[in-house]
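Q: Could you take a close look at one part of this model for me? I'd like to know where it sits and what surrounds it.

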Amino acid sequence: MNRFSYARPDTLAGAVGHAAEPSSRVIAGGTNLIDLMKYNVERPARLIDITRLSGLNAIEATADGGLRIGALATNSTVAYDSRVTARYPLLASAILAGASPQLRNAATTGGNLLQRTRCYYFYDTGVSCNKRAPGSGCPAIGGVNRIHAILGTSEHCIATHPSDMCVALAALAATVHVTGPNGDRVIPFADFHRLPGDHPERDTALEPGEIVTAVELPPEDFSVHFSYLKLRDRLSYAFALVSVAAALELDGETVRAARIALGGVAHKPWRVPAAEDVLSGQPATAESFARAADGLLSGAKGFGHNDFKIGLARQAIVRALEQAAAGTPQSQTDKRIR
């Protein structure tokens, strides 16, 4: 770990000023950044501690009936908040599917959005990686790539985004509130994380000096027919090989609206609204769900070790939608798939 300076500003404006300085990183729970610093993947010259900033840990109702979650609200706080469990249980379920209770007690909402890939090569500074050193190459493409992406890849990077929470936020069409040197702005969740393209070193749409202040959930109600299904190598404390956040609005046995997002398959939570639209007006059956899965996975490509993810994702999408339609969401305590 390199030597660094430390600042703990008292105001959000002060934090933005520090964050705009070269080689600065904002820190809250530190559950990802500290690991990266220990591995010398991240070597910031200054850490900006925002944990004492007032108001950023609040969870509040919005004027239009939605919910605003402050960037410093911990994952545990969000998962067990009565308003979240009642109105946005998909989000609570996704959070509880991730990490461990100890990590969820420390990790924050803003930090979860900004966590970086768990790609083997990204963490190993002894090998090349376009995310660490643009232009150096992506050894995952021809190497061990079992955990890597099958959608939205580029010749420069096939890493995946590791978050569970973000998959649910994508399905719920959240927005991300940020502030920076040029003021405040609101970013649709679909635009917040980037695909690798020619610049895999850039994970998000944040500009230099910008800080996430909150995530806002719209007032839509998917509180009955939902499921968060996570498939992984072991039943706890493991990142997803494939995960599915599914939410349905039903009229009897007919789908009125659908939301589906995938995790573990791309550089960002993967959502294709056109694939959701396929379900509108259709019966809530495995056949309908399979057609939606085909749309979501259109263009999927494996890289050898991860070829199995395409079939696995298709089955997971259908199963998660079946669970959602039946009103029997995947349990995050008894993780056996039923």
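**A loop residue and its surroundings**

A: Let's start with Asn306, which sits in the loop between H12 and helix H13 (308-326). Keep in mind that this is a predicted model. What does Asn306 touch, leaving out residues up to four places away in sequence? The contacts are Asn145, Arg146, His148, Ala149 and Ile150.

Now step back into the helix on one side of that loop. H12 spans residues 286-296, and Ala292 is part of it. Ala292 is buried too, because its relative accessibility is 0%. Setting aside residues up to four places away in sequence, Ala292 makes contact with Ile260, Ala275, Val278 and Leu279. As for Ile187, it lies 105 residues from Ala292 in sequence, and their C-alpha atoms are 27 Å apart in space.

For another buried piece, have a look at strand S8 (residues 211-217). Here 7 of the 7 residues are buried, so the strand is largely enclosed by the rest of the structure. S8 pairs with strand S5 (residues 67-70) through 4 bridges, and the two run antiparallel; within that pairing, Ile69 has Val215 of S8 as its bridge partner. Strand S6 (residues 175-180) is also joined to S8, by 5 bridges and again antiparallel. There, His177 is bridged to Ala214 in S8.

How values were computed: Residues are numbered from 1 along each chain as its sequence is written. This is a predicted model: local features need pLDDT of at least 70, side-chain atom pairs count only at pLDDT 80 or more; totals for chains, interfaces and linings use all residues. Side-chain values use heavy atoms; hydrogens and water are left out. Buried means under 20% relative accessible area, exposed over 50%, partly exposed in between (1.4 Å probe, protein chains only). Contact means heavy atoms within 4.5 Å. Two strands pair if DSSP finds at least two bridges between them.
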